Amino acid sequence: MTRRCVDDIDRIVESYQAYLSLEKGLADNTLDGYIDDVNKLLAYLADTGTALSEVTLEELQCFAADVHDLGVAVRTQARIISGVKSFFRYLTLEKFIESNPATLLESPRIGRKLPDILTVEEIDAMIESIDMSAAEGQRNRAIVETLYGCGLRVSELVNLEISKLFLDEQFIVVCGKGNKERVIPISPTAINEIGSYMLQRQSMNIKPGEDHILFLNRRGRRLTRIMIFYIIKRLAEAAGIRKEISPHTLRHSFATHLLEGGANLRAIQQMLGHESITTTEVYIHIDRSRLRSEILRFHPRNRL
């Protein structure tokens, strides 16, 4: 089979970018990261005088060592290597090269850090700490109940559209990573809080182009990710919670509480919108970690 020309690097990168966008459906931020990783590799190859068609595993290992020597964080190193491996898979798929030199390229090992989670009592305490006399009080109750009750990412919450709420049927539709939609059940508690907020929302002066967005700020514009982070941090402090809290903590808590309640891991994967079950399996580790701490705390053989 004829190998395609690899001399026009700019054209190859453009076609790779189109492939990631159209066929893989990557979000803009993820897409930019992949292209940035490729450009790092191409700059390295230009410095060493190595043509793309001549790259070997040894060259890629030297590139990885170069990235390491720059003092780049381990997670960033792993992301860069992942981007490079994706690029070479594409080059092989499109017949720009005959064999993939990145197949055996290894990423640095990343220690698994288990995320903090909140207990149901701590979440209730956060909700109770909301000042309902404030103009944004009802909105904030609806936000917390929706984040926790549906396990949403912050980006999914701030872009949640009214037309995607099917409250009578008790589900919502969210647009997740890669613009992929998924259906999520919503609790009666969250439905009630959203309903009360919607009544208040009717009297707001909503900016043009934002009328389809559910959660808005006082000026009638959609909330930012930073604003959601600030709201959750402030409520945690008001509830006396000392853990490192972010909006994502509510998502972690949602998944962990489902697992503890006996939910199937595949069902949790679908509700969270994880592409791989491996990502969801972190919650098994959380569950086992908590079980171990409970055994160490309460088992009679561990008491002094």
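Predicted model: local features only at pLDDT ≥ 70, side-chain atom pairs only at ≥ 80, totals over all residues.
At what angle do helix α1 and helix α2 pack, and how far apart are their axes?

Residues are numbered from 1 along each chain as its sequence is written, and side-chain values use heavy atoms, with hydrogens and water left out.

Helix α1 (residues 9–23) packs against helix α2 (residues 28–48) at an angle of about 155 degrees, and their axes are 10 Å apart. That makes α1 roughly antiparallel to α2 (an angle over 145 degrees, on a scale from 0 to 180 degrees between N-to-C directions). The contact (heavy atoms within 4.5 Å) involves Ile9, Val13, Tyr16, Gln17, Leu20 and Ser21 of α1, together with Leu31, Tyr34, Ile35, Val38 and Leu42 of α2. Nine of these contact residues are nonpolar, two are polar and none is charged.

## The three-stranded sheet

Three strands (DSSP E runs of at least two residues) form an open sheet in the order β1-β2-β3, with antiparallel pairing (at least two bridges between paired strands). Strands β1 (165–166) and β3 (181–185) stand at the edges with a single partner strand each, so one side of each lacks a neighbour in the sheet.

Two bridges join β1 to β2 (residues 171–175). Phenylalanine 166 has phenylalanine 171 in β2 as its bridge partner.

## Serine 82

Serine 82 lies in helix α4 (residues 74–93). Its relative accessibility is 33%, so serine 82 counts as partly exposed (between the limits of under 20% for buried and over 50% for exposed, with a 1.4 Å probe and protein chains only). The C-alpha atoms of serine 82 and alanine 102 are 9.7 Å apart, with 20 residues separating the two along the chain.

Key: Helix = DSSP H or I, 4+ residues; strand = E, 2+ residues; numbered from the N terminus. Parallel < 35°, antiparallel > 145°, perpendicular 65-115°, else oblique. Nonpolar A, V, L, I, M, F, W, Y, C, P; charged D, E, K, R; others polar.
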